[in-house]
Amino acid sequence: MMILLKDIVPSAANSVNTKFILLEKGNIRASKKCVVVNGVNKLQETKECMTLVADESASVHFLLWNTECEAFEPGDIVQLTNGIFSYHRNKLVLRSGRKGKAEKVGEFTMLFVEKPNMSEVQWQANESDAKKLKESVTSTELQKPPS
C-alpha cells in the first residue's frame, strides 16, 4: 500500500512504500570500512549521498547508498518499496535499507510541496502506546515569526 510522505513515522521496520520526485542531490561521500569476508578482514568502500525528495504532501531527506548514488538524478520520479524511515548518523532519513528497493519510474512530471519536511519533525513518545511515536513540533514551525 502506497503512503504519502506526510504519513511516514520513524520505525525500525522496512515498511514504507511510497513514490516521490528527487529535488536536490548532495555530494557523494565515500568511506571505507573493515568487513569480514570468509574469515578474512577486507576494506570495503561504501558511498552515500543525501538527497531531498517530495510528493504532494511533504518532503523528506532520502539517503542513497552505493550504486543508488549514481542511479538517480534531480527530476527522477522514484518508487520506494519496503523503505525505512529511521535515524542515520543522528539524522532522521528515509532510505531503502537492506531489504528495500528504490526504482526510477519516471521523470519531471509530479506535483510536490517542500514543506513540511518530515526529517525536521520532532518526535516524542506516545503516552497511550509506548511502541509508537507522535509528532511534537517541526523545526520550521519554531522559525515562524509571531503574528
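Author: The dialogue below takes up salt bridges and then nonpolar cores. Please keep in mind that this is a predicted model.

Reader: What is the general idea behind a salt bridge, and how many salt bridges does a search of the whole structure find?

Author: Side chains of opposite charge can pair when their charged atoms come close. Here, the search finds seven salt bridges. One of them joins the side chains of Glu 48 and Arg 29, with an N to O distance of 3.6 Å. Glu 48 belongs to strand 3 (residues 40–54) and Arg 29 to strand 2 (residues 29–37), so this pair ties together parts that are 19 residues apart in sequence.

Reader: Which residue forms a salt bridge with Lys 47?

Author: The partner of Lys 47 is Glu 70, and their closest N and O atoms are 3.2 Å apart. Because Glu 70 lies in helix 1 (residues 68–71) and Lys 47 in strand 3, the pair ties together parts that are 23 residues apart in sequence. Glu 70 is partly exposed at 45%, and Lys 47 is likewise partly exposed, at 26%.

Reader: Which residues are linked in a network of salt bridges?

Author: Asp 76, Lys 104 and Glu 107 form such a network. Within it, the side chains of Glu 107 and Lys 104 meet at 2.6 Å, N to O. Glu 107 has a relative accessibility of 41% and is partly exposed; Lys 104 is also partly exposed, at 38%.

Reader: Let us turn to the nonpolar side chains. How many residues has the largest nonpolar core, and which have the most contacts inside it?

Author: A nonpolar core is a set of buried nonpolar residues joined through their side-chain atoms. The largest one here has 21 residues, and those with the most contacts inside it are Phe 20, Val 60, Phe 62, Phe 85 and Leu 94. At least two residues of this core come from each of strand 1 (16–25), strand 3, strand 4 (59–65), strand 5 (76–88) and strand 6 (91–95).

Reader: What does Phe 62 touch, leaving aside residues up to four places away in sequence?

Author: Its contacts include Phe 20, Met 50, Val 53, Leu 80 and Leu 94, as well as Arg 95 and Ser 96. Another core, of six residues, lies apart from the largest one; Ile 21, Leu 23, Leu 52 and Ile 77 are among its members.

Note on methods. Residues numbered from 1 in each chain as written. Predicted model: local features only at pLDDT ≥ 70, side-chain atom pairs only at ≥ 80, totals over all residues. Heavy atoms only, no water. Salt bridge = Lys/Arg side-chain N within 4 Å of Asp/Glu carboxyl O. Helix = DSSP H or I, 4+ residues; strand = E, 2+ residues; numbered from the N terminus. Buried < 20%, exposed > 50% of the residue type's maximum accessible area, 1.4 Å probe, protein only. Core = buried A, V, L, I, M, F, W, Y, C linked by side-chain atoms within 4.5 Å. Contact = heavy atoms within 4.5 Å.
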